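The sequence and structure come first.

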Amino acid sequence: MYSFEILRPTSLADAVEALGHEEAQILGGGQTLIPTLKQRLASPAVLVSLTGIAELKGVCREDNGDLSIGGGTTHADVAREAAAIYPALAALAGGIGDPAVRNRGTIGGSLANNDPSACYPAAALASGATVVTNTRQIAADDYFQGMFATALHDGEIVTMVRFPVPQVAAYAKFDQPASRFALTAVFVAKYPSGVRVAVTGASEGGVFRWTEAEAALSADFTPGALAGLSVPAEGMISDVHGSGAYRAHLVGVMTRRAVAAAG
């Protein structure tokens, strides 16, 4: 590590002001940033911790039925507090990492980092969620812009995520056993307007919607509707854990599993 200053604001307004410091960087749960600092892959002069801001935490049901989750809410709290409202999302949160990660990592931090193998991006994209920041609201379809890339501006804070609650949904995840990130995972959500399918862990471009599967499942929400459908291996991640062709195959497998679990 190296020397840096850490600021601990207790309000969103104070956090925004603190981010005005030169070379300041947001610190959420620290599950990605702290290892990055240890490896000297980043060296901000000032860290602005969001952990003491109560207004960024909590889970609630809106009057329109949407589920709203504060950006500073931990995975463990999402798993516990969303279970009665959006069980598939709660189950996803409960399967992230291990207890230490789930009690420190936050939904806002995960979405801001947008790791190509993270779980929440699939849930947000499949749910047609809205990412709310201190300055605007961003539809999930516009928010995710590639591997580790989002629509967030410098200094913009994820304050809340709003999830329309589907009729049925499920998340099927093939774990990378060492990290417990998704080697490939699929979130399927069925709404009156149709089905949305989002894939994480597979593509070099990060989370994406499988629109061909969405069309098939909107007509027939059964695993059999996916017969003959596949995604191309080109553009899929190839590493020591699995080839692009293997991940492309897993996309179909995990989608069928998610549909079976949801239906």
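What percentage of the 263 residues in the protein do buried residues make up? Buried residues make up 52% of them, where buried means under 20% relative accessible area, exposed over 50% and partly exposed in between, with a 1.4 Å probe and protein chains only.

## Basis of the values

The model is predicted: local features need pLDDT of at least 70, and side-chain atom pairs count only at pLDDT 80 or more, while totals for chains, interfaces and linings use all residues. Residues are numbered from 1 along each chain as its sequence is written, and side-chain values use heavy atoms, with hydrogens and water left out.

## Overall form

The protein has 10 helices and 12 strands; these are DSSP runs numbered from the N terminus, helices being H or I of at least four residues and strands E of at least two. Its radius of gyration is 18 Å, close to the 18 Å of the globule rule for 263 residues, so the protein is as compact as a globular protein of that length. The radius is taken over C-alpha atoms, and the rule is 2.2 Å times the number of residues to the power 0.38. Along the principal axes, the C-alpha atoms fill a box of roughly 55 × 45 × 30 Å.

Contact means heavy atoms within 4.5 Å. Among contacts with a separation of 6 or more, 58% are between residues 24 or more positions apart.

## Surface and charge

The largest nonpolar core has 41 residues, of which Tyr 86, Leu 89, Tyr 120, Phe 163 and Phe 187 touch the most other members. Such a core is a set of buried Ala, Val, Leu, Ile, Met, Phe, Trp, Tyr and Cys residues joined through side-chain atoms within 4.5 Å. Elements giving two or more residues to this core include helix H4 (87-94), helix H7 (120-127), strand E8 (158-163) and strand E10 (182-191). H7 gives the most, with six residues.

H7 is mostly covered, since eight of its eight residues are buried; among them are Tyr 120, Leu 125 and Ala 126. Gly 128, with a positive phi near 60 degrees, follows H7.

Ala 189 lies in strand E10 and is buried at 0% relative accessibility. Ala 189 and Ala 126 are 63 residues apart in sequence, yet their C-alpha atoms are 6.0 Å apart. Leaving out residues up to four places away in sequence, Ala 189 touches residues including Tyr 86, Ala 126, Val 168 and Arg 196.

## Loop residues

Asn 114 is in the loop between H6 and H7 and is buried, with a relative accessible area of 1%. Arg 180 is in the loop between E9 and E10 and counts as partly exposed at 41%.

Ser 11 is in the loop between strand E1 (5-7) and helix H1 (12-18). With a relative accessible area of 19%, Ser 11 is buried. Beyond its neighbours within four places in sequence, Ser 11 is in contact with Ile 53 and Glu 55.
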